[in-house]
Amino acid sequence: MSDKLLINKLTNLKHLLSNYELIDENLKAILTTIKEFTNSDAATIYRLNQDNSALEFIAVQTDSLFLDLAKSDNNIPWPDLELYDENNNPNNINASVVCLLNNKIFNIPDVYKYDDFDFEGPKAFDQFTGYETRSMLILPITNNDNKNIGILQLINKKDTQGDTISFTKEEEKVLFSILS
């Protein structure tokens, strides 16, 4: 992809993300653009639910599985990620929740070798579909009031031979800037 085309795509992405009320209408374009920029096989977006108690799964694209689902189509089967437990303690076992609550990026080379969080969701998905989640980049999505409103997960960055590799620091920086 040429530098000019890349800049145009990233500028368009920033525009699509800037209007939170319209995000449902733009989900497919957002995910496709981000996957192209990072050469990722999959991307998901979660956003805060109405009462800010959980992250709701609102879109997923996985190229190798021909999967393209959006909550607005009423076909997302996965449960919300609760932000707090019954004692109002932060859900510190889920990387996506910790990312949102702490405004922190997680760049995980291999979820099967990473013990700081519970990755039972991706592992169950893998077992059910035959997919193999490995590298993951998780970033907060921030609105114009500097409030985290959701998270983006990128999964399985591919090299030129199609092998799964880790996401780069440069991708972290560029996406963090765009998603803020």
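This tour visits the salt bridges of a predicted model, pair by pair.

Residues are numbered from 1 along each chain as its sequence is written. Because the model is predicted, local features need pLDDT of at least 70 and side-chain atom pairs count only at pLDDT 80 or more, while totals for chains, interfaces and linings use all residues; side-chain values use heavy atoms, with hydrogens and water left out.

Begin by colouring the protein by pLDDT (the predictor's confidence in each residue, from 0 to 100). The average is 86, and 89% of the residues score at least 70. Among the elements (DSSP runs: helices H or I of at least four residues, strands E of at least two, numbered from the N terminus), helix α1 (residues 3-18) has the lowest mean, 70, and strand β5 (residues 106-108) the highest, 96.

The whole structure holds 6 salt bridges, each a side-chain nitrogen of Lys or Arg within 4 Å of a carboxyl oxygen of Asp or Glu.

Select Asp 63 and Lys 35, whose side chains form a salt bridge at 2.6 Å, N to O. Asp 63 lies in the loop between β2 (54-62) and β3 (67-70) and Lys 35 in helix α2 (residues 23-38), so the pair ties together parts 28 residues apart in sequence. Lys 35 is buried, at 6% relative accessibility (buried is under 20% relative accessible area, exposed over 50%, partly exposed in between; 1.4 Å probe, protein chains only). Asp 63 is partly exposed, at 40%.

Next, select Arg 134 and Asp 110, a salt bridge at 2.9 Å, N to O. Arg 134 sits in the loop between α4 (120-129) and β6 (136-142), and Asp 110 in the loop between β5 and α4, 24 residues apart.
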